[in-house]
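Please look through the sequence and the model shown here, and then read the report that follows.

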Amino acid sequence: MSSFQFGSSEAAKRSGSDAAKMKHHIADLKYTTDSFAYLLRPRAAGLTSSSALNSPLINRGYFARVSTSTVNVVEMGAGFSTLYLRAVSGETSPPLPSHSGLKFYEVDFEDVLNSKKSALCTPLLSSSLPPLPNFHAADLSAPNFSSSFKQEIDSSAPTLFIFEAVLMYMDRTSSDNLLSDIASSFPDATVVIYDPILQKTRFGTTMCENLRRSGVEVSGMLSLRTLEDQLGRLKSVGFSASHGLSMLSVFSSVLTSEQRA
């Protein structure tokens with residue numbers, strides 16, 4: 001998920017470990033229903049990573065994000081996400097609609113996917129879990145991502161790509177090239193992007209400093225300082241339309257009052 005050498009790739013992988021711990025904490029606090037988070041937290045904890053309790057802002061933001069999840073096809077930089085398992089088990093809101101032609105793919109580094117499969121493909125769990133999604137190993141910063149991926153997927157079908165805190169770990173050129181590749185290779189593609197916008201506020205400055213200390217290159221994020229920048233980028237790489245909301249707007253206007261309670 002990073003176009004840089006070993007050090008930055010490791011920083012991106014550590015972020016997946018951190019996310020697994022956060023999601024387990026969020027499920028423990030009953031923000032979400034996720035019966036699978038505990039399965040992957042021990043595996044994620046085996047990676048070198050810092051640990052910290054989630055702030056209420058992170059808990060609320062994640063809740064707003066997963067509560068509005070829709071059926072997806074390709075989860076880019078999936079890491080230790082349990083979105084697919086939750087969706088096919090009826091734990092997402094809204095639930096996954098019945099569709100016999102739906103195929104779900106997870107894309108990430110090969111060693112990350114192997115670690116995830118190792119955690120889930122045990123004799124005890126294999127009989128109780130749904131069939132695993134289609135895994136595709138790739139470095140998203142490598143050129144021509146679609147050339148290999150199109151051998152495994154029907155690129156003419158409507159395809160939804162989900163980037164949940166993924167593009168933020170790539171430099172601007174690499175992420176633009178990836179999005180342009182998708183726009184030109186998948187004629188009926190939609191992308192959903194969840195990324196931080198490092199505005200010139202105390203929160204944005206602190207987040208930027210924390211990412212840099214973790215070895216994450218932030219130049220790509222610093223070139224997209226507003227929601228308008230993000231939307232303009234999508235049009236510039238070949239998408240015909242773009243729409244966006246801040247997480248505060250999602251929390252206050254998209255979630256129901258019961259979900260916000």
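## The largest cavity

By class, the lining of the largest cavity comprises 6 nonpolar, 3 polar and 3 charged residues, where Ala, Val, Leu, Ile, Met, Phe, Trp, Tyr, Cys and Pro count as nonpolar, Asp, Glu, Lys and Arg as charged, and the others, Gly among them, as polar. Among the lining residues are Leu167, Met168, Arg172, Asp195, Gly220 and Arg233. The elements that give two or more residues to this lining are H8, helix H10 (219-222) and helix H11 (227-236); helices (H or I, at least four residues) and strands (E, at least two) are DSSP runs, numbered from the N terminus.

The largest cavity has a volume of about 70 Å³, and a search of the whole structure finds 4 cavities of 30 Å³ or more. A cavity is a set of points, on a 1 Å grid over the protein atoms alone, where a 1.4 Å probe fits but cannot get out, and lining residues have an atom within 4 Å of a point. Grid points are joined across faces, edges and corners, and a volume is the space filled by probe spheres set on the points.

## Basis of the model

This is a predicted model, in which local features need pLDDT of at least 70 and side-chain atom pairs count only at pLDDT 80 or more, while totals for chains, interfaces and linings use all residues. Residues are numbered from 1 along each chain as its sequence is written, and side-chain values use heavy atoms, with hydrogens and water left out.

## Aromatic pairs

The structure holds 5 aromatic pairs, a pair being rings of Phe, Tyr and Trp (its six-membered ring) with centres within 6.5 Å, and with planes under 30 degrees apart counted as stacked, over 60 as edge-to-face and the rest as tilted. Tyr105 and Phe149 form an edge-to-face pair, 5.5 Å centre to centre with 85 degrees between the planes. Tyr105 lies in strand E2 (residues 105-108) and Phe149 in helix H7 (residues 145-149), so this pair ties together parts that are 44 residues apart in sequence.

Phe161 and Phe186 also form an edge-to-face pair, at 5.0 Å and 80 degrees. Ring pairs link Tyr105, Phe145, Phe149, Phe161 and Phe186 into a cluster.

## His136

His136 is located in strand E3 (residues 134-137) and is buried, with a relative accessible area of 5%, where buried means under 20%, exposed over 50% and partly exposed in between (1.4 Å probe, protein chains only). A polar contact of 2.8 Å joins the side chains of His136 and Glu152; such a contact is a pair of N or O atoms within 3.5 Å, and within protein one must be able to donate a hydrogen and the other to accept it, while residues adjacent in sequence count only if both atoms are side-chain atoms.

Terms used:
On a 1 Å grid over the protein atoms alone, a cavity is a set of points where a 1.4 Å probe fits but cannot get out, and a pocket is an open set with protein on both sides within 12 Å along at least five of seven lines; lining residues have an atom within 4 Å of a point.
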